Amino acid sequence: MRKALLAACCLLASACKTAEPAPTPPPPPPPRQPVAEAKPLPPGLDVAAINEQANPCEDFYEYACGNWVKSTEIPADRPRWSRGFDAITARNEEVLRDILEAASTGKASEGTPYAQKLGDFYGACMDEPRLEASLPALKAELAKLTAVKSAKDLAEVVGTLHSRSVFPLFHLGSNNDFKDASQMIGEVDQAGLGLPDRDYYLKEDEKSKGLRTAYVEHLKNIFVLLGEMPEQAAKSSASVMELETTLAKASMTRVERREPKNLYHRLERKGLKAEAPAFPWDVYFTAAGARDVQALNVTHPPFFKEVERLVKTAKPETWKPYLTWHYVLSVIPALPKGFQEERFRFTAQNLTGAQADVPRWKKCVRFTNGALGEALAQPFIAKTFGVEGKTTTQQMVVEIEKAFERNLDTLAWMDAPTREQALVKARKIVNKIGYPDKWRNYDALKVERGSFLGSWVSASAFEQARQLAKIGKPVDKDEWLMSPPTVNAYYNPPFNEIVFPAGILQPPFFNREATAAVNFGAMGMVVGHEITHGFDDEGRQYDAEGNLRDWWTPASDKAFRERVACVKEQYDGYTAVDELKVNGALTLGENVADLGGLKLAHAAMEAWLARDPEMAKQVNGYRFTPSQQFFLGYAQSWCSKYRDAFARQMAVVDPHSPPYWRVNGPVVNLPEFQKAFQCQEGTKMVRPVAQRCEVW
């Protein structure tokens with residue numbers, strides 16, 4: 001599945017609390033019922049996180065999370081820390097560590113699949129002294145992978161690198177045919193950069209210039225570690241920067257890539273040859289392991305025109321440092337300590353702000369999960385995933401899907417023909433919860449206990465071969481795009497499915513001890529968010545079968561665009577960090593999903609409690625009303641702290657808004673929130689009626 005498409009449909013935000021100063025008005029009476037002092041606190045909420053001195057109608061995030069933010073320190077090895085995603089991930093990694101430590105010492109629990117491979121991969125990763133001996137093997141590979149004297153040599157080397165999931169120049173993979181989602185085709189896409197986004201190469205502000213200077217210095221240091229003299233290393237780093245800048249200029253922006261039609265050009269291999277005839281494509285595809293692939297989507301044809309120009313004009317000696325850097329970057333986790341320390345130094349100082357490198361065991365857990373995720377998932381599921389979480393989440397999904405259907409009837413802006421098609425799509429959404437019905441086969445993956453570099457390269461090549469093997473075949477609807485321990489969720493437009501891995505079905509998102517209202521605010525909003533993704537500005541362009549097809553009447557299309565324009569304008573006005581604003585166009589799909597998901601989950605909670613008087617009585621027996629519990633459960637799942645360097649990076653690359661605005665942004669538009677906390681017109685959490693945004 002193309003990463004760019006997924007990124008717009010996932011729940012997890014990598015962002016920051018805004019640096020915009022919050023006013024401190026006199027606190028109002030506490031938002032509780034008249035006899036609330038005698039009532040117990042609702043389970044599932046962290047009452048210690050609440051700042052009772054803040055006014056929920058002026059700054060709800062500060063009210064729900066203020067004391068948590070004040071008392072929480074970001075762990076030294078983290079660029080951020082959140083009460084939800086990061087805390088759960090840390091707990092999950094401890095469980096995975098125990099599984100892998102046992103497997104690496106021959107003590108895996110009975111029935112653990114691929115126990116030997118899991119143990120050997122993790123064990124090789126943890127063998128740091130042996131990593132120090134990996135440099136000769138690296139240099140031997142580089143001698144073969146960077147020898148370029150002609151276009152044919154370049155095509156063969158690039159193809160070989162691509163077969164190992166290393167992507168200089170461009171990316172090769174498989175994807176659904178946008179117009180026939182039942183079929184898998186090949187896809188070539190822009191790639192080849194070493195910085196996180198094209199804008200880092202092109203912006204002229206002082207911070208961007210400073211980062212480019214630091215990046216060139218980082219490249220120089222890597223080349224010195226490889227054995228080059230400083231003077232030559234400086235030339236190599238400058239050459240890499242020049243070539244990557246050329247590719248960046250030819251690349252689409254992240255906002256442009258949010259439009260599916262911009263990414264679909266079914267040219268086939270013959271069309272690609274016509275676009276860029278100077279590149280020996282047949283040589284390339286053979287080396288890449290895709291010799292017979294003909295069905296091909298070229299996401300951005302002008303980018304490949306630029307690739308061809310480089311092939312024709314760049315001097316042969318230009319390619320060696322560029323190819324060297326991209327291969328080294330891809331295998332740094334398996335290289336001697338000096339390479340890892342230099343990589344950490346650059347990223348920490350310029351992109352993440354982390355104060356210490358991630359402990360080796362955590363890295364090795366993550367790498368093993370990446371390489372053998374569905375093998376590692378099975379003992380994880382056995383240890384952590386109860387039937388109750390899956391059952392309750394499934395019930396929530398059904399309730400929120402019903403709320404979506406009921407809500408369709410209330411949308412005056414949508415005409416009957418479009419509403420009918422929306423209903424068809426909503427009823428065809430597939431729900432996947434917990435873990436796959438069919439586990440992935442890792443028989444062909446070769447793991448070497450004595451060489452983590454060898455195992456790393458083998459795992460990367462295994463995954464790329466798996467992706468390319470899909471081309472020309474019907475789509476496997478059973479496939480999952482995240483491993484079950486992952487703390488996230490997603491909507492996949494070509495599959496028309498919502499997926500909730502077991503990793504996220506834990507407190508604070510799902511808590512078996514919490515009230516129904518708290519769980520609907522936390523996990524229910526996640527469900528509503530993913531459902532709404534099927535109808536955001538990207539998802540709505542796909543039909544019930546997952547095909548890119550316009551099923552909207554002109555009138556409903558116009559009305560939808562007007563409503564999402566309101567959301568874009570709202571978030572454009574928010575500050576992300578320092579002088580950086582939230583990019584309302586980049587974050588539009590996630591903001592629409594947050595707003596719609598919160599509204600749907602609240603409606604579903606009310607319907608749930610209305611059908612169960614006993615449960616309603618129980619939920620009403622606590623200090624906060626059910627609606628207050630709901631909104632606090634939602635907000636507290638987003639309590640977060642970010643380091644400034646990481647906040648700046650996320651403002652550029654993340655399609656989600658910062659957590660602060662993921663809480664305060666939606667609620668200012670919701671009468672349900674204003675009623676729950678008795679917020680009056682004129683307070684900051686009440687947007688004037690004429691300015692309120694509502695899409696779904």
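Analyst: Two strands pair if DSSP finds at least two bridges between them. The model discussed here is predicted.

User: What makes S2 and S3 paired strands?

Analyst: Eight bridges join S2 to S3 (residues 180-190), and the two run antiparallel. The criterion is at least two bridges, so S2 and S3 count as paired. Within this pairing, Gly173 stands opposite Glu187 in S3.

User: Why are S2 and S4 said to stand at the edges?

Analyst: The sheet is open, with three strands in the order S2-S3-S4 and mixed pairing. S2 (170-177) and S4 (296-298) each have a single partner strand, so one side of each is left without a neighbour in the sheet. From one strand to the next, the twist averages 30 degrees.

User: Which helix packs on the sheet, and which strands does it touch?

Analyst: Helix H13 (residues 301-313) does, touching S2, S3 and S4. The direction of H13 makes about 40 degrees with that of S3.

User: Why are H22 and H26 called oblique to each other?

Analyst: H22 (residues 588-611) and H26 (residues 659-667) pack at an angle of about 60 degrees, with their axes 9 Å apart. Roughly parallel needs an angle under 35 degrees and roughly perpendicular 65 to 115, so H22 and H26 are oblique. Their crossing is right-handed.

User: Which residues form the contact of H22 with H26, and how do they divide?

Analyst: Glu590, Asp594, Leu595 and Leu598 in H22 meet Arg662, Pro666 and Val667 in H26. These residues divide into four nonpolar, no polar and three charged.

Key. Residues are numbered from 1 along each chain as its sequence is written. This is a predicted model: local features need pLDDT of at least 70, side-chain atom pairs count only at pLDDT 80 or more; totals for chains, interfaces and linings use all residues. Side-chain values use heavy atoms; hydrogens and water are left out. Helices (H or I, at least four residues) and strands (E, at least two) are DSSP runs, numbered from the N terminus. Axes are lines fitted to C-alpha atoms, for helices over the stretch in contact, and angles run from 0 to 180 degrees between N-to-C directions. Contact means heavy atoms within 4.5 Å. Angles under 35 degrees count as roughly parallel, over 145 as roughly antiparallel, 65 to 115 as roughly perpendicular and the rest as oblique. A crossing is left-handed if the near helix is turned anticlockwise from the far one by less than a right angle, and right-handed if clockwise. Ala, Val, Leu, Ile, Met, Phe, Trp, Tyr, Cys and Pro count as nonpolar, Asp, Glu, Lys and Arg as charged, and the others, Gly among them, as polar.
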